[in-house]
Amino acid sequence: MATQPTALTPDRPKLEHAYRFLSALPDTEALLRAILEEALEVVRATRGTIALMDYRTGELVVRVAVGAGWTDGQSAPRWRVTDEPGGSISGYVALTGQPYLCGDVTKDPHYYPLFPDTRSELAVPLIGRGNKVLGVLNVESEKLNAFTEQDARILTALASVASFALSSADYHNRERALIELGKDLAAATEIETLLERVAEVAAQILDADDCSLFLLDKSLNRLVLRASKGLLRQFVGQASYRLGEGLTGWVALHGKPIRTDGVVGDPRWKGLYTELLPEEISAFMAVPIRGRNGVLGVLRVVRKRSSPLAPHYLFTEEDEELLAMLASQVGAALERAELQERLFTMEHIAAVGELSARIAHMIGNKIFALKGALKEVLLRLQSVPLPEGVQTIFNGMERSLFEVEMLLQELRDFVKATQLNLQPLCLSDLVRELVQEAAQRLPHLQFELHLDEQPVWVRGDPEKLRSVVEELLENASHFLKDGDTITLHLSLHQWFSGRKVACLVVQDSGPGIPERMKDQIFQPFFSTRAKGMGLGLAIVKGIVEAHGGTITERGKEGEGAKFIITLPAIEPPKGGTG
Amino acid sequence: MGRILVVDDEELAREAIRMRLERDGHEVDTAASEAEAIEKIRTANPPYDVVVTDMVMETEKSGMEVLKAALLRDVLTEVIVLTAYGSVANAVECLKRGAFDYVEKNIPGVDVYDLLALKVERAMEHRAESLALIKRWHAYQQQPLVTPEEAVTD
């Protein structure tokens with residue numbers, strides 16, 4: 001006991017060595033070994049271990065073992081974290097989070113015999129942030145009552161160095177993963193690849209078994225799975241939640257995170273699309289992905305239970321901060337991508353518009369001259385009998401000139417698409433009227449119209465919106481057979497931001513749009529039809545977007561096309577019944 | 001029939017319009033540019049009854065300059081503006097400044113030459129009405145002692 005106050009003195013150089021190790025952040029294993037060797041010398045122990053928590057199984061696993069009796073290649077002992085008799089002293093310390101001094105192991109209820117010569121033992125916990133037990137430092141001696149309270153204090157100090165090193169290593173790993181991801185986010189152009197990468201990295205740094213990323217699809221008003229690391233991968237693009245539906249929908253609707261052990265018993269849990277069986281889930285965490293104007297989606301992670309008996313491996317507050325940070329980066333990347341896309345499309349359309357205006361003007365002039373010349377020729381030949389076939393040639397020329405003028409008109413409509421004459425307009429009436437007209441014009445097709453009881457009003461250009469619906473119906477009719485159906489749904493939706501939107505769905509029972517063409521259908525000059533120049537849907541998109549709306553195509557190839565238009569809705573004017 | 005000036009920088013178009021209007025018995029003169037048109041309008045004696053001018057020639061607003069020159073020469077000259085794609089806004093501006101009408105060159109399925117001939121016809125009538133009105137106005141002013149009843153029955 002007389003040596004106690006000076007116990008540290010002869011060993012100080014070694015401790016300094018350990019601190020140097022620490023500041024240089026070598027591999028954790030080497031550092032833990034140095035700390036343990038230090039501990040054995042300072043308290044004159046025979047042998048010792050540092051065991052770390054495996055939170056998946058709820059067990060302590062020996063990471064380093066030093067001293068007499070250990071043999072190379074010996075499998076690392078694992079101890080359950082428990083206060084049951086014979087469960088091991090380390091297991092008991094991990095449970096209580098308190099140092100444990102045992103003078104005589106033969107009389108100790110927790111002792112788990114590993115070496116026959118062990119007489120006394122001292123174990124201290126490795127405590128991380130938030131009083132989380134990271135592991136246990138355990139030393140033993142073949143002497144009875146070999147360790148003192150002072151030894152316990154020394155080991156606690158060494159254990160805190162180890163804890164600090166473990167936490168640092170953990171931070172270091174997270175930081176590296178985040179930097180890597182940051183680079184990807186800045187460089188990536190393909191949004192899908194990026195989302196996949198985020199799911200992968202989030203699962204990796206949060207030690208999660210799965211990670212899924214849902215984005216809000218404004219035209220559907222649903223959260224659609226866009227990336228997943230594990231089991232849900234096959235449902236990307238298909239799995240979806242309504243806002244407020246399930247835990248995922250709750251996060252999007254309320255813009256708040258959820259961090260919970262398992263999901264069983266949570267009233268919000270719907271279990272529509274799960275990476276794991278509900279009882280297999282050890283912990284669940286979901287955070288909203290925010291943009292400037294509200295929630296864009298949800299990023300969620302789950303941990304699996306290693307066995308039905310394993311304790312819950314919870315996500316910490318730190319984990320939540322990290323996931324929220326990832327989510328905010330995703331949000332920024334999404335908004336940037338959208339902005340770029342909009343800019344590109346707008347510039348594209350503006351450039352095409354200006355160019356086509358000039359060309360159309362020149363061509364229009366020439367066509368006008370040609371028409372006049374042809375007319376003059378025909379007038380002069382009126383009294384002369386024409387050789388056989390000449391009249392047919394003239395007719396062909398007239399028809400060609402007519403078709404060129406039709407193309408010019410299409411171009412003009414395209415350029416004019418965004419020049420609007422806005423006024424309050426009852427969209428329900430407009431759609432009803434257009435469907436009636438179309439039913440007369442296209443008697444070989446069936447039309448179904450579903451309208452809300454309440455009339456839907458928007459601020460719009462009546463002529464332009466009319467041509468939008470007409471073009472969609474016209475476009476559909478080109479791909480439909482006799483007896484096929486075109487279905488129109490018009491309804492009012494409220495987004496979680498409180499904004500009301502009119503949602504018009506135009507769906508047909510035709511062949512649908514091939515997956516590979518979906519990106520192109522709204523581009524100018526894209527057409528699969530022989531007639532026209534492929535501006536129809538580009539004009540439609542231009543008009544809808546000029547109204548502050550969106551248009552998307554959500555059909556499945558083989559099941560028909562499905563166009564979804566959203567337009568900002570307004571309150572019906574007072575006294576107006578539509 | 002009328003004295004008409006046709007202005008278009010596209011020779012084939014200019015000639016086609018000329019031939020079409022001559023077919024209706026008009027006396028047609030042509031100009032191939034804004035500058036040539038203004039010169040011809042200024043020196044014409046008597047002034048043209050109707051000027052048919054393209055909108056876009058040297059500049060986007062050449063038609064407007066031709067209109068100005070025509071109205072300066074004779075405020076009752078009727079001007080019809082031709083517009084190809086994209087210059088309708090300028091044509092409407094011309095209407096506000098006193099043009100009689102405008103004709104779009106490219107209307108699918110419409111015989112714009114016949115349409116133009118029709119509009120020239122109506123422009124002639126309009127001019128004739130205006131001239132008659134002025135004549136009557138002069139006559140009215142030269143009859144100092146006329147009763148309202150007589151004026152109405154005139």
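In the predicted model, helix H4 (residues 149–187) of chain A packs against helix H5 (residues 191–205) of chain A at an angle of about 180 degrees, with the two axes 10 Å apart; axes are lines fitted to C-alpha atoms, for helices over the stretch in contact, and angles run from 0 to 180 degrees between N-to-C directions. H4(A) is therefore roughly antiparallel to H5(A), a term applied to angles over 145 degrees. On the H4(A) side the contact (heavy atoms within 4.5 Å) includes A:Leu178, A:Leu181 and A:Leu185, which meet residues of H5(A), among them A:Leu194, A:Val198 and A:Val201. The residues of this contact divide into eight nonpolar, one polar and four charged.

Helix H9 (residues 427–441) of chain A and helix H10 (residues 462–477) of chain A likewise pack with their axes 10 Å apart, at an angle of about 40 degrees, so that H9(A) lies oblique to H10(A). The contributing residues include A:Leu430, A:Leu434 and A:Ala438 of H9(A) and A:Leu465, A:Val469 and A:Leu473 of H10(A).

Chain A as a whole contains 11 helices and 19 strands, taken as DSSP runs of at least four residues (H or I) and at least two (E), respectively. Of its 578 residues, 47% count as buried, that is, under 20% relative accessible area with a 1.4 Å probe, protein chains only.

Local features required pLDDT of at least 70 and side-chain atom pairs pLDDT 80 or more, whereas totals for chains, interfaces and linings use all residues. Residues are numbered from 1 along each chain as its sequence is written, chains are lettered from A and ligands numbered from 1 in written order, and side-chain values use heavy atoms, with hydrogens and water left out.

Note on methods. Parallel < 35°, antiparallel > 145°, perpendicular 65-115°, else oblique. Nonpolar A, V, L, I, M, F, W, Y, C, P; charged D, E, K, R; others polar. Buried < 20%, exposed > 50% of the residue type's maximum accessible area, 1.4 Å probe, protein only.
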